[in-house]
Amino acid sequence: HGSQMFGFTGTPIFEENALANDFGKRTTGMLFGECLHKYVITDAIRDDNVLPFSVEYYKTFKQKDNIDDEKVTAIDEAEVFADEQHLTHVVDYVIKNHHRKTHNKSFTAIFCVSSVDLLIQYYQLLLDKKAAGEHDLRLATIYSYQANEEDNDAQGLGATDVDYLKVAEQGASYSTHSRDHLERFIGEYNQEFSTNFTTKDSKSFYQYYNDIAKRVKAKQVDVLLVVNMFLTGFDSKPLNTLYVDKNLKYHGLIQAYSRTNRIYNELKSQGNIVCFRNLKQATDDAIRLFSNLDNKDEIIIPPYEDYLQKFEAACQVLLALVPTVDSVNELQTEEDEFAFVKAFRDLMRVKNILASYTDFDFNDLPINEQTFEDYKSKYLDLYDKTHRQAEAEKVSILDDIDFELELIHRDEVNVTYIINLLKGLKDMPEQEQDAQKEKIMDAMMSELELRSKRELIEKFINKHLPMIPDAESVPGAFEAFWEAEKQRAIKVFSETEQLDADKLESVIGDFLYTQREPLRDDVISMMKVRPKLSERKTTAQRLIQKVTDYVDTFINGMGGV
């Protein structure tokens, strides 16, 4: 009988954001009494528990000077925001900018809209444009197909995804029109992912919901379209972008925005919010209610121009240390190299944030893109040097620095990209070929995943390319060459280390599937002659490094080749 009850909430209900029901407005304070402690979003950002937001607003139509956004939203919403031109502009924006927002699909996005009818139109438009070859985004959608699916205020109705699933499962008030479209969209999903889900069976529908959640977390879905579902309580660290074409406010807004701001890696510096409606006042109101508007600068990251100044300052630090790219080679001590690595890493961090802005243009920066890439190549040279020293068990102060390689990864510069350059090389006049070869080598040296492939690609250029009849035969010839080199590398690896070749391939396969380094016992089990107990640790470390190097060379960064 002497017990006490404590309530915890992420987004409390105050008088201002409470919804009226049959019992009037009910607030968190009414249920739990006095608030004992507050830990608000500003505190979480300062403690590095969550990320701040970058909020951008994109207009798809011009408004008359004497009509503000609030009036347009209230009066003409059904007409303006359901207009085909608006929908097309929004979809074109997503297609054009998704790679920028997600750092070449290193992350995923949710796209939330105000009603199922609009979602159906958006999804069909995206499917049509994908069929026309305008994008390669992997899509998914789910909704409850109940009769009254619109959520124009998106204030947060207290309903969870489980509630929506129950409504959909019961089907008591569902819209046949909405359900038929969802069944068709699930059919597209089944085709994309080789699954077999349906709305016609409640168990299958639950499984579909869970499968979407898993694929978003595994970065297998690029854009998930929803009305309400997945906007509360769904945590996916690789999700960094929210496209918004619906009205959001108060806890509904904060909850939706917060899908994007979970800590993940160095590449994920903020959650990206792209609003296709004017939610600026609503965003300010939500921050005021759940934190303090004076702290807005800590919650919403500064504008593009501020980061241009930050980049310029970081650039000055770098150039004071190494005025030219070649001067990196002249650094005398490891302490100087350490300082360069830190200076360039700081520059990359700012460039990473700048690159997520729609307005980003390298021409705005004090150094051009090629110079930046050249410095990056020197940065990677030092990473390679540290890597080699670590293998030789030589102590270096560079071991103490995190190179933050996530900031470097670019999916578009992969082996597929190099093959296209090779096709161009095959068609070029002889006098232009040297310049093209240099371009290919520069591209490989500026990308971490391509550096390990440089020697093999040079071998292909020098020994195989002259024998290929025309440019169109280059991809097939390269694929055959790569497969042969892959098998040769496995054979050399097995013979040099006296390994069972089948077990080696099995360990490599497990590594690729789990994305985790092989265990010591697994690599030792590959050996035909087991090492002494005292030698097992160093032997296992050497073999694990060789497996990792093999995967880096022959599998990572292949871009579907």
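Start by selecting valine 90, which you will find in helix H4 (residues 84-101); helices here are DSSP runs of H or I with at least four residues, strands are E runs of at least two, and both are numbered from the N terminus. Residues are numbered from 1 along each chain as its sequence is written.

**Around valine 90**

Is valine 90 buried or exposed? With 0% relative accessibility, it counts as buried (under 20% relative accessible area; exposed is over 50%, partly exposed in between, with a 1.4 Å probe and protein chains only). Now show its contacts (heavy atoms within 4.5 Å): leaving aside neighbours within four places in sequence, they are Thr60, Phe111, Tyr122 and Phe276.

**The cores**

Next, pick Ile110, Phe111, Ile212, Leu224, Phe230, Leu242 and Tyr257. Within the largest nonpolar core, which has 75 residues, these touch the most other members. Such a core is a set of buried Ala, Val, Leu, Ile, Met, Phe, Trp, Tyr and Cys residues joined through side-chain atoms within 4.5 Å. Helix H5 (residues 116-131) supplies the largest share of this core, eight residues. Then colour Ile419, Met444, Leu450 and Leu456, which are included in a second, separate core of 41 residues.

**Helix H9**

Move on to residues 250-257. Seven of the eight residues of helix H9 are buried, so the rest of the structure largely encloses it. Those buried residues pack against strands E3 (53-57), E7 (239-245) and E8 (271-275), and against helix H10 (280-290).

**Helix H15**

Select residues 415-427 and look down the axis. The buried residues of H15 are Val415, Ile418, Ile419, Leu421, Leu422 and Leu425. They fall within an arc of 160°, so they line one face of the helix; the arc is taken from the directions from the helix axis to the C-beta atoms.

**Colour by confidence**

Finish with pLDDT, the predictor's confidence in each residue, from 0 to 100. The protein chain averages 85, and 86% of its residues reach 70 or more. Where pLDDT is low, the predicted coordinates should not be read in detail.

Technical notes:
Predicted model: local features only at pLDDT ≥ 70, side-chain atom pairs only at ≥ 80, totals over all residues. Heavy atoms only, no water.
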